[in-house]
Amino acid sequence: MLNNTVTIRKHLHTTTSLCIKFCGALFVIFIFLICNTAIAKDSCNLKSIANSVSIPLSQGIAADIKLEKGINQFELVCTLNQSGVFTFTRPALERFSWQQNNQLKAPLKTNQMAILMEQGSFNAKLTLTTTASYNPRFTWLDSQQFIEKVQLYNLIFGVFYGLCATLIFYALIIGYGIKDAIFKLYGIYLFCIASFIFLQEGQPYLFTNGYFSAYISHLYTTARSL
């Protein structure tokens, strides 16, 4: 009788252990599937309408896509867990439109082209007209990452322009003080470099209402030639 009781207890203990292990394995698999599903939901794909080539866009990584001179059209398909921002550079951009749900969306007021993307799934048609071929470095970030990036960017370039202005005035003052033309030329040279970077980074658009200005574009072309 005692031996039967011991055997039954061992059998129950073994069965219970197996059940616990099995439930634990199921729980781990369930959590893994949930995490994979959550990660998979965050995705963006950019499809060229001209050649039907679709390129996945990784968050925070610039895509290697070259725009041809003239009209370029793309279809952007995204599924986002939270709102994000689609960005790209605009050195040779002449016109741009973002059509979503039969409505045009206006870009945010930043140095680069930036368009707010809502949480959820959506399709958008992008039309870009350029004056030359260039790589716009298409990328997307979540809203918080974009805000932090813009703040850091503004801080770095604020310090850079402050140093440039200091060196320019210092060189001009010394040049006029000792009447040496080399210092004056050095001050002009620094001004040209700072102006070129200012135009190349699209920072004049922080002070304009539109996303494109022929005047700024001509200034940028002139700065490049210098």
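**Strands, sheet and helix**

User: Which residue in strand 9 stands opposite glycine 84?
Analyst: Opposite glycine 84 stands aspartate 142 in strand 9. Strands (E, at least two residues) and helices (H or I, at least four) are DSSP runs, numbered from the N terminus. This is a predicted model, in which local features need pLDDT of at least 70 and side-chain atom pairs count only at pLDDT 80 or more, while totals for chains, interfaces and linings use all residues. Residues are numbered from 1 along each chain as its sequence is written, and side-chain values use heavy atoms, leaving out hydrogens and water.

User: How many bridges pair strand 4 with strand 9?
Analyst: Four bridges pair strand 4 (residues 84-88) with strand 9, in the antiparallel sense. Pairing requires that DSSP finds at least two bridges between two strands.

User: And what is the strand order in that open sheet?
Analyst: The order of its three strands is 7-4-9, with antiparallel pairing. Strand 7 (113-117) and strand 9 (139-142) each have a single partner strand, so one side of each lacks a neighbour in the sheet. On average, neighbouring strands are turned by 25° against each other, direction ignored.

User: Which helix packs on it?
Analyst: Helix 2 (residues 143-178) does, touching strand 4, strand 7 and strand 9 (contact means heavy atoms within 4.5 Å). Its direction makes about 105° with that of strand 9; axes are lines fitted to C-alpha atoms, for helices over the stretch in contact, and angles run from 0 to 180 degrees between N-to-C directions.

User: Changing topic, what does asparagine 101 do in the hairpin of strand 5 and strand 6?
Analyst: Asparagine 101 takes a positive phi near 55° in that hairpin, which has two residues between the strands.
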